[in-house]
Amino acid sequence: MKIPTLSLIFTSTLLTACSAANNVQIIAGTDTIVPLHQDGERAGRYHNLYPGEKTYPVSCENDCYPKNASLICETETENCQYQGQQENPQLNTGFTVRWLGHAGFMIKTPNGQQVVFDPVKEQFDSPVDLAFRLASGFYRKPGDWLTDSELKNLDAVMYSHIHYDHFNKADIEEIGNQPRYLTPLGMADNFPTGGFNISEMAWYAKTNIDDLTIHALPAHHFSSRVLVPFIYEDNDKDLWNGWLLEQNGKTLFFAGDTGYSQHFSDIQQKYGDIDICLMPIASYYHEENGKWYRYVHTTPEDALMGAQELNCNVMIPWGYGNSSWKMGDHSSHSALLRLLHMYTEMDSQIPLYILNEGESIAL
């Protein structure tokens with residue numbers, strides 16, 4: 001489905017006693033895609049561009065997690081630091097990338113804008129956090145976070161989807177309403193009120209912050225946040241996006257949570273080769289439901305294939321690590337071990353750069 005108008009704008013009218021209404025803009029148009037079911041019981045809910053059974057080009061079958069001397073761990077594949085020798089690709093893009101942990105990144109653009117992807121400071125938003133405490137569940141170690149100066153000078157905050165490990169209302173309240181928030185379609189009603197400026201964007205929609213162009217792109221995933229049995233569920237009510245930053249002819253791609261599909265080739269065909277690719281490599285493992293987990297999360301070899309199809313000049317992986325939630329993983333760093341193994345097995349020609357939480361690289 002394509003929305004015929006170039007831009008549909010409306011302002012939220014929900015007021016609270018102590019908070020200003022949020023300002024919500026919907027950006028869609030004739031050249032964008034809004035993948036809604038049109039009929040049946042899923043009418044009005046979003047779907048992937050390429051649903052159905054998947055055939056994966058490469059799959060690791062045996063001995064997928066061999067030890068690697070470059071990964072130094074406190075215990076086996078847990079609480080690790082990558083200390084391998086790496087070459088900094090001399091791309092001269094002007095982008096600086098800092099990994100906050102899990103899916104969070106702080107990006108400084110060539111012309112000085114500061115933007116973040118999927119910032120989540122600590123564990124989970126309420127009420128899921130409370131449920132984990134009551135059940136004595138696992139606890140995520142906090143990753144790196146933004147300095148006071150960075151918080152005050154953010155230009156944009158981009159979210160890929162509403163899952164708790166990518167979107168936290170408490171963090172939004174700390175970040176404040178100074179920056180512009182960019183989200184997939186339908187996501188604004190998950191925000192707290194407080195005068196936040198939110199742009200919901202369809203796939204292939206674009207917007208600008210000064211001379212920085214931001215494109216909302218397809219991902220192959222799903223969304224859900226609230227479940228009240230027999231009363232309310234929001235499965236696929238909100239869309240899920242990847243993001244592309246473009247400035248001075250240079251590009252940076254953030255894939256968001258995604259499984260492997262043809263959308264990687266589509267993106268390369270539309271935008272050309274990508275300079276910097278931030279690619280997820282974790283949350284694909286499950287003893288009983290591994291097929292479903294892989295359907296919506298790339299394995300390391302899927303991520304390498306996606307980077308090859310995007311023709312990335314460098315791939316930076318994420319999703320594993322000391323600040324991950326280890327959802328769909330053997331351990332905090334098992335996905336990185338598999339990536340290092342499959343990078344060699346596949347003889348990948350895409351330059352790979354590995355970050356530990358809090359580290360940055362100027363590209």
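Aromatic pairs number 15 in this structure, which is a predicted model. One of them joins Y159 and F191 in an edge-to-face arrangement, with the ring centres 6.2 Å apart and 80 degrees between the planes. This pair brings together distant parts of the chain, as its two members are 32 residues apart. Y159 belongs to the loop between β8 (156-158) and α3 (169-175), while F191 belongs to the loop between β9 (180-184) and β10 (197-201). Y159 and F191 are both buried.

In one case, the charged end of R294 sits over the ring of Y56, at 3.8 Å from the ring centre. In another, the ring of Y271 has the charged end of K270 over it, 5.8 Å from its centre.

Attention can then turn to a histidine, H221, found in the loop between β12 (212-218) and β13 (227-228). H221 counts as buried because its relative accessibility is 2%, and the cut-off for burial is under 20%. The side chain of H221 reaches the backbone oxygen of V296 at a distance of 2.9 Å. V296 is also one of the residues that H221 touches when those up to four places away in sequence are left out. The others in that list are N48, W240, D257 and T258, together with the histidines H161, H163 and H297.

How values were computed. Residues are numbered from 1 along each chain as its sequence is written. This is a predicted model: local features need pLDDT of at least 70, side-chain atom pairs count only at pLDDT 80 or more; totals for chains, interfaces and linings use all residues. Side-chain values use heavy atoms; hydrogens and water are left out. Rings of Phe, Tyr and Trp (its six-membered ring) pair if their centres lie within 6.5 Å; planes under 30 degrees apart count as stacked, over 60 as edge-to-face and the rest as tilted. Helices (H or I, at least four residues) and strands (E, at least two) are DSSP runs, numbered from the N terminus. Buried means under 20% relative accessible area, exposed over 50%, partly exposed in between (1.4 Å probe, protein chains only). A charge sits over a ring if NZ of Lys or CZ of Arg is within 6 Å of the ring centre and within 35 degrees of the ring normal. A polar contact is a pair of N or O atoms within 3.5 Å; within protein, one must be able to donate a hydrogen and the other to accept it, and residues adjacent in sequence count only if both atoms are side-chain atoms. Contact means heavy atoms within 4.5 Å.
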